[in-house]
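Student: I would like to go through this structure by question and answer. Can we start with a term we will need?

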Amino acid sequence: MIASLRGMNDILSEDYERFTYFITTATNIAQRYGFHFIETPLLEETTLFKRSVGESSDIVGKEMYQFIDKGGNDVCLRPEGTAGVVRAFIQKKLDRAGGIHRFFYHGAMFRYERPQKGRLRQFHQFGVESFGESSVYEDASMIMMVSDILKTLGIGYRLQLNSLGCNECMPPYRTKLVKFVKECQDGICEDCIRRVDTNPIRVLDCKNGSCQELYVGAPKLLNHLCLTCSDDFKLLKKILDDNSIKYEIDTNLVRGLDYYSKTAFEFVSDEIGSQSAIAGGGRYDRLVEFLDGRPTPAVGFAMGIERLMELIKMPQTKKDGYYMGAMDEEALDFVVQIAHKKRQTDKVIVEYKSKNLKNHLKAADKANVKYCAVIGSNEMRDKNIWIKNLEDKSEYTIPMSEF
Ligand code: HAM
């Protein structure tokens, strides 16, 4: 038997209902916030992710599904959605058009990680990206949107918040941090030794307990923000307070992708084990320019659909549509014709095998439909259909022409 690859799952039956329920809910909410659908390719030039997500990140350094295609191009399966949306935004010259452009997307992402519960190699994200708006109210709107989606799905969360500063305040902070880390170099892990040279702020979210102990006294980013970043962060907190959105400040929240500046946030759940991040995002004002577009402020987030599927409280599914069956072989043609007409407006499941009434009713019950409609020789003779409403249990016969 050929099985699916490790860390890559099929989504079907009950899972698919959860999946589509999530997509519909999130799509409705994103549209209410004025976002439009965008679809970008699953395969992009590897350089796109190297330049945006960053060569020093684990995603680019260790986890890309990268290969040379038959034309000799260095390509990879997208590990995340932001870079492709930014590329499309620039390619369509929307950076030159000015104004605000807001997109949402959903689809498969690929990261060659070590699979475990909640951590897949092919997973799905729902994400949004907003271009052209530098106001911190837009950052707050992103957070409110995630909160709206989670609330609608009945999912509890903790929101972690940080500011990563800007071009003005980040470099001097980074220098201070490097000095601090170099002073405790003897005790830190191999990864952190590497990070000090490649991307020092990543040491702050090292998962190694002994590193974390050493960094307790490290300089805090939030104490080194410039006036603009500090005021924006204050305003962001005020907007969230005013809208009753609770948050925790986490000065070590640096995110695993290199393109962020200013606002960074993560939504976590305490109910799904160690892979607890259910959504993450932030501002990335430098990325459009970095990918050769006109400087454009931008902010966005993405949610991990598989992790959310574990948490979604599904609404009670209502019985819906018809089950149709024949009691005699000769009646099947009628059943199929009537079903074809009825399907122009309703869901109809047809059973091709003729069965007795009891078995049809059993099958209809299993199909979770509202009505069981059956045709036998009597009904054929009288041009009737026998129907049972499986909700209120009423039974009746109506002329075929009125069905
Ligand atoms: P990210 O934090 O890397 O951000 O991913 C967003 C979410 O995708 C995570 O919070 C998690 O729920 C889910 N996720 C990530 N990796 C896996 C995995 N291996 N298996 C299952 N779920 C996973 C981004 O991707 C950014 N592009 C978000 C963004 C959009 N920032 C600005 N705009």
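Tutor: Two strands pair if DSSP finds at least two bridges between them. Keep in mind that this is a predicted model.

Student: In which sense do strand β6 and strand β11 pair, and over how many bridges?
Tutor: Strand β6 covers residues 122-131 and strand β11 covers residues 298-304. Within this pair, Val128 stands opposite Phe301 in β11. The sense is antiparallel, and the count is seven bridges.

Student: Which strands are the edge strands of the eight-strand sheet?
Tutor: This open sheet has mixed pairing and runs β1-β5-β6-β11-β10-β9-β7-β8. An edge strand pairs on one side only. The two are β1 (36-37) and β8 (248-249).

Student: Which helix packs on that sheet, touching β7, β8 and β9?
Tutor: Its direction makes about 160° with that of β7. The β9 it touches spans 261-268. The helix is α10 (residues 227-242).

Student: Is Gln160 buried or exposed?
Tutor: Gln160 sits in strand β7 (residues 158-163). Leaving aside neighbours within four places in sequence, its contacts include Glu248, Asp250, Phe265 and Glu266. Its relative accessibility is 13%, and the cut-off for burial is under 20%, so Gln160 counts as buried.

Student: Which residues touch the most other members of the largest nonpolar core?
Tutor: This core holds 97 residues. Its largest share, nine residues, comes from helix α6 (residues 136-152). The residues with the most contacts to other members are Phe22 and Tyr215.

Student: Which cysteines is Tyr215 in contact with, leaving aside its neighbours within four places in sequence?
Tutor: The contacts of Tyr215 include Phe180, Val181, Ile188, Val203 and Lys220. The cysteines among its contacts are Cys184, Cys192 and Cys206.

Student: How many disulfides does a search of the whole structure find?
Tutor: Take Cys166, which counts as buried at 18% relative accessibility. Its closest cysteine sulfur is in Cys229, at 3.6 Å. A disulfide needs sulfur atoms within 2.5 Å, so this pair is too far for a bond. Over the whole structure, the search finds zero.

Student: What separation do the centres of domain 1 and domain 2 have, taken over C-alpha atoms?
Tutor: Domain 1 is made of 13-169 + 225-311. Domain 2 is 322-399. Their centres are separated by 48 Å.

Student: Why is one side of β13 and of β16 left without a neighbour in the five-strand sheet?
Tutor: The order in this open, mixed sheet is β13-β12-β14-β15-β16. Its twist averages 25° from one strand to the next. β13 (348-350) and β16 (395-399) lack a neighbour on one side because they stand at the edges, each with a single partner strand.

Student: Which residue stands opposite Ile349 in β13?
Tutor: β13 pairs with strand β12 (residues 322-326). That pairing is parallel, over three bridges. The residue opposite Ile349 is Tyr323.

Student: At about what angle does helix α13 run to β12?
Tutor: Helix α13 covers residues 332-342. It lies across β12, β13, β14 (371-375) and β15 (384-389). Its angle to β12 is about 160°.

Student: Is Cys372 buried or exposed?
Tutor: Burial requires under 20% relative accessible area. Cys372 has 0% relative accessibility, so this residue counts as buried.

Note on methods
Residues numbered from 1 in each chain as written. Predicted model: local features only at pLDDT ≥ 70, side-chain atom pairs only at ≥ 80, totals over all residues. Heavy atoms only, no water. Core = buried A, V, L, I, M, F, W, Y, C linked by side-chain atoms within 4.5 Å. Buried < 20%, exposed > 50% of the residue type's maximum accessible area, 1.4 Å probe, protein only. Helix = DSSP H or I, 4+ residues; strand = E, 2+ residues; numbered from the N terminus. Contact = heavy atoms within 4.5 Å. Axes fitted to C-alpha atoms, helices over the stretch in contact; angles between N-to-C directions. Domains from an automatic or database assignment.
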